Amino acid sequence: MPSRDSDGPSRFAVVLAVLLLGLAATAPVFAQETGTETATSASTETAGDASVVVVDDDGGADYRTISAAVAAAQPGTTVRVLKGNYTEAVVVNRSITLVAPDGALLYGGGDGVTTGITITEGAAPTIRGFTLVDYRIGVDARGSSGAWSLQDVAIEGADNVGVYAAASTGDWSVSQLTVTNTTGVAVGAFKSSGNWSVTRATVRNTRGVGINARFASGNWRVRNADVRNTTAGTTIPANWSGTAIYAGNASGNWTVGASVFGNNDDPVIDATNADPAGNATGNYWNGGVPTDGDCIGAVDCGDPLSTPPVDFGDNTPAYQPEAPGGSGLPLVQVAAGIVGVLVLLGGGYLVTQTVGADTLVATLEGLVGSLLAAVGVLDGGGGNRIIALSNEDQASVTCRVQCRTNDGVQFQYDLTLASGEQREAPELPASGPFEITVQVGDVDVTETFESATDVIVRVVSNDAEVVAA
């Protein structure tokens with residue numbers, strides 16, 4: 001921690017200036033959150049070079065329906081949906097960001113014949129913050145080729161498929177997904193050929209199949225999922241109905257790790273005719289070990305966890321969903337950004353995750369980094385980022401961590417982490433794109449970051465997760 005010396009007044013002045021700049025930057029946000037007027041009467045905003053349009057089912061914004069806003073949006077636009085109930089089917093055919101910062105309900109009307117959100121062909125949208133209820137298909141991305149992502153999305157009562165990515169060829173990801181009471185398939189990737197992932201997902205009460213990767217030829221993984229109460233239904237073939245994860249005839253490399261399975265029909269994981277074999281080690285099985293019939297086919301379900309990898313409750317995972325993005329910031333996120341500034345002053349680094357406050361945090365972080373370095377508050381002057389590693393397994397884990405930039409390998413080291421152990425290393429590049437590769441057992445996980453950022457690496461036996469902090 002910096003000592004209290006003669007630099008105190010100047011440091012205080014810099015901190016005050018940074019906080020004032022941060023508050024000035026968020027003035028429109030405060031107005032949006034409190035409903036007060038700003039100097040600009042139009043509700044269309046600007047975030048960098050991309051426009052932001054607002055949808056409000058009560059009127060008073062740019063659009064009253066999500067469909068109209070999406071149809072008019074240009075690539076790169078953020079469509080921000082205010083809290084409300086929207087009875088419509090939304091078609092996303094371009095690469096936009098569609099967010100509901102405070103949550104929004106899409107309702108299928110209970111007729112079971114419509115689709116909530118359709119992602120077409122090469123579109124690569126980011127969609128987060130929505131709850132979809134009583135659609136036949138929650139999110140339909142069949143045949144898509146774009147790199148789309150779903151975050152913090154809940155799907156309730158789908159009459160056919162929750163998330164439908166059959167025959168997709170692009171790389172896509174689903175995180176913090178909740179799918180409940182589905183008749184059919186919760187997440188379907190039948191005959192997909194791109195690479196995809198399902199992380200931090202809760203799948204409950206599926207009458208059919210939880211996650212269907214039958215004939216998937218790309219590489220895929222399921223991590224930190226909680227799949228329970230999967231039972232046989234009548235809408236799909238009886239020989240694999242009731243399976244939590246079906247990987248029959250899968251031909252890509254695939255892993256299922258750090259997940260919880262409970263009260264599912266047998267088989268829980270079916271990898272009949274999969275080649276190569278899948279890796280489903282390091283999971284929690286009904287409080288015990290996999291029994292005969294839980295795993296069949298070409299899959300390794302060994303090394304079960306004795307306790308859940310995270311504290312799953314009866315209904316929802318213990319992890320807190322990341323706040324949806326968009327231009328609006330709840331006051332608590334602004335406060336978190338200010339706390340991050342104070343942590344920086346203390347010689348630490350910004351560890352508070354404020355998804356949805358990215359622009360503000362990046363602005364504050366950049367200002368603090370440059371202004372405080374200029375007055376000598378930050379020691380060292382290197383500006384390197386932090387890599388934080390943690391072992392979430394019940395046993396020690398040995399891994400290799402490598403950082404690569406356009407100039408080649410910057411560092412590589414092997415380390416062993418005890419159960420629950422965490423380490424930090426301030427070695428990441430101070431600027432520019434870089435790549436982090438983590439090798440755990442026979443598994444290599446690589447993530448590319450377009451600009452300097454802190455990185456969190458979570459490891460378990462034969463699996464790892466690499467994310468921006």
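Modeller: Happy to! Keep in mind that this is a predicted model.

Colleague: Where is Thr255 found, and which residues does Thr255 touch?

Modeller: Thr255 sits in strand β20, which covers residues 254-257. Leaving aside residues up to four places away in sequence, Thr255 touches Trp220, Arg221, Val222, Asn279, Val443 and Asp463.

Colleague: And how do I read a group of buried residues?

Modeller: Here is the general idea: in soluble globular proteins, nonpolar side chains tend to be buried together. In this model, the largest nonpolar core has 65 residues. The members that touch the most other members are Ile66, Val81, Phe130, Trp220, Trp254 and Ile269. Another core, of 23 residues, lies apart from it, and includes Leu389, Cys399, Leu417 and Leu428.

Colleague: Which residues does Ile269 touch?

Modeller: Not counting residues up to four places away in sequence, the contacts of Ile269 include Thr243, Ile245, Trp254, Phe261, Ala280 and Trp285. Asp294, Cys295, Ile296, Val299 and Cys301 are also among them.

Colleague: Now for the rings. How is an aromatic pair described?

Modeller: A pair of aromatic rings is described by the distance of the centres and the angle of the planes. Searching the whole structure gives seven aromatic pairs. Take Phe190 and Phe215: their ring centres are 6.3 Å apart and their planes stand at 80°, so this pair is edge-to-face.

Colleague: Are Phe190 and Phe215 buried, exposed or partly exposed?

Modeller: Phe190 is partly exposed, at 26% relative accessible area, and Phe215 is partly exposed too, at 36%. Phe215 also has a charged residue over its face: Lys191 lies 6.0 Å from the ring centre.

Colleague: What about Trp196 and Trp220: what kind of pair do they form?

Modeller: That pair is stacked, with 4.9 Å from centre to centre and 5° between the planes of Trp196 and Trp220. Trp196 belongs to strand β14 and Trp220 to strand β17, so the pair ties together parts that are 24 residues apart in sequence. Both Trp196 and Trp220 are buried. They also belong to a cluster, in which ring pairs link Trp148, Trp172, Trp196, Trp220 and Trp254.

Colleague: Next, the sheet. What is the order of the strands?

Modeller: Read across the open sheet of nine strands, the order is β5-β7-β9-β11-β13-β16-β19-β22-β25, with parallel pairing. The edge strands are β5 (90-92) and β25 (295-297); each has a single partner strand, so one side of each is left without a neighbour in the sheet. Within the sheet, β13 and β16 pair in the parallel sense over five bridges. Thr183 stands opposite Arg207 in β16.

Colleague: Finally, where is Asp266, and which residues does Asp266 touch?

Modeller: Asp266 is in the loop between β21 (260-262) and β22 (269-271), and is partly exposed at 44% relative accessibility. Setting aside residues up to four places away in sequence, Asp266 touches Asp292, Gly293 and Asp294. From Asp266 to Trp240 there are 26 residues in sequence and 9.2 Å in space, C-alpha to C-alpha.

Technical notes. Residues are numbered from 1 along each chain as its sequence is written. This is a predicted model: local features need pLDDT of at least 70, side-chain atom pairs count only at pLDDT 80 or more; totals for chains, interfaces and linings use all residues. Side-chain values use heavy atoms; hydrogens and water are left out. Rings of Phe, Tyr and Trp (its six-membered ring) pair if their centres lie within 6.5 Å; planes under 30 degrees apart count as stacked, over 60 as edge-to-face and the rest as tilted. Buried means under 20% relative accessible area, exposed over 50%, partly exposed in between (1.4 Å probe, protein chains only). Helices (H or I, at least four residues) and strands (E, at least two) are DSSP runs, numbered from the N terminus. A charge sits over a ring if NZ of Lys or CZ of Arg is within 6 Å of the ring centre and within 35 degrees of the ring normal. A nonpolar core is a set of buried Ala, Val, Leu, Ile, Met, Phe, Trp, Tyr and Cys residues joined through side-chain atoms within 4.5 Å. Contact means heavy atoms within 4.5 Å. Two strands pair if DSSP finds at least two bridges between them.
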